[in-house]
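Here are my notes on this one, as numbered points. Have the viewer open while you read.

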Amino acid sequence: MLTLFHHPMFATCRFVRLAFGEYGEELALIEEKPWTRRKEFLALNPAGTLPILLAEGDVPIVGATVIAEYLDETRGVLKRDKRLFAEDPMQRAEIRRLTDWYLNKAESEVTRHLVRERVLKPVMPETAGGGSPDSGAIRAARANIRQHMKYTNWLAGTRHWLAGGRVTYADLAAAATLSVLDYLGEIDWREHAAAREWYTRVKSRPSFRPLLTDRVRGLSPVSHYADLDF
């Protein structure tokens with residue numbers, strides 16, 4: 001069994017877990033607090049970032065999209081119609097574009113800040129950057145959610161899945177990102193019917209079930225999704 005160093009509230013880590021789940025592969029999970037900068041952790045990745053996959057032979061593979069490429073080359077090419085990439089190079093480009101949109105653009109504008117301020121700072125020592133949440137950073141991130149939800153709603157309203165006719169890495173990247181925001185109760189799903197319907201379908205997939213049981217110490221899920229009348 002392969003091992004994933006992860007944090008349950010990092011969208012990039014959730015993305016990798018979803019991808020392996022789609023291929024029916026189990027992962028041994030080790031929750032890592034990167035701000036502690038453990039010597040053993042830094043030996044795997046001197047940059048001190050997550051996720052890290054210990055692949056065959058315990059070789060570390062670092063970064064969500066790098067792991068996704070590795071997974072496609074070692075498993076996905078054998079899955080045919082269940083492959084999370086596409087055979088066509090232009091379709092692959094669109095999948096990569098949207099994956100980057102959610103794991104990098106949305107991460108840098110929204111998710112990273114809300115997770116840091118609401119989840120990490122309360123448990124981090126002051127010497128590692130912990131302390132009181134920055135209300136300005138939270139307000140700015142919340143303002144940026146609107147545009148990302150509008151875009152997701154447009155994609156979901158014009159395509160069966162976000163990058164085309166079937167589930168791909170693009171859907172998993174978006175679902176991983178939005179699932180973090182949903183856990184924190186930061187999304188008003190009533191304003192985004194197409195995105196809500198797409199998210200309902202993603203959440204019903206077996207690969208998503210382990211994420212539904214994730215719990216963060218000191219933080220209860222406050223998703224508004226469960227309150228909606230479908």
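1. From which domains does the lining of the largest pocket draw at least three residues each? Domain 1 (3-82) and domain 2 (89-206) each supply at least three; these bounds come from an automatic or database domain assignment. Before going further: this is a predicted model, where local features need pLDDT of at least 70 and side-chain atom pairs count only at pLDDT 80 or more, while totals for chains, interfaces and linings use all residues. Residues are numbered from 1 along each chain as its sequence is written, and side-chain values use heavy atoms, with hydrogens and water left out.

2. The pocket itself. Its volume is about 530 Å³. On a 1 Å grid over the protein atoms alone, a pocket is an open set of points where a 1.4 Å probe fits, with protein on both sides within 12 Å along at least five of seven lines, and lining residues have an atom within 4 Å of a point. Grid points are joined across faces, edges and corners, and the volume is the space filled by probe spheres set on the points.

3. Who lines the largest pocket? There are 22 lining residues, and Phe10, Thr49, Leu50, Glu107 and Arg112 lie nearest the centre. By type, the lining splits into 13 nonpolar, six polar and three charged (nonpolar: Ala, Val, Leu, Ile, Met, Phe, Trp, Tyr, Cys and Pro; charged: Asp, Glu, Lys and Arg; polar: the others, Gly among them). Helix 1 (11-22), helix 3 (64-74) and helix 4 (89-120) each put in at least two residues, with helix 4 giving the most, eight. Helices (H or I, at least four residues) and strands (E, at least two) are DSSP runs numbered from the N terminus.

4. The domain interface. The C-alpha centres of domain 1 and domain 2 are 19 Å apart, and 19 residues of domain 1 are in contact (heavy atoms within 4.5 Å) with 23 of domain 2. Together they bury about 1800 Å², 72% of it on carbon and sulfur atoms; buried area is the accessible area (1.4 Å probe) that two parts lose on being put together, summed over both. On the domain 1 side, Met9, Phe15 and Trp35 lose the most, together 38% of what that side buries.

5. Backbone spots worth a look. The Leu50 to Pro51 peptide bond is cis, omega near 0°, and Pro51 sits in the loop between helix 2 (39-44) and strand 3 (52-54). Arg37, not a glycine, has a positive phi near 50°; its place is the loop between strand 2 (27-31) and helix 2.

6. Over in helix 7 (residues 193-203) you'll find Ala194. Leaving aside neighbours within four places in sequence, Ala194 is in contact with Asn153, Ala156 and Gly157.
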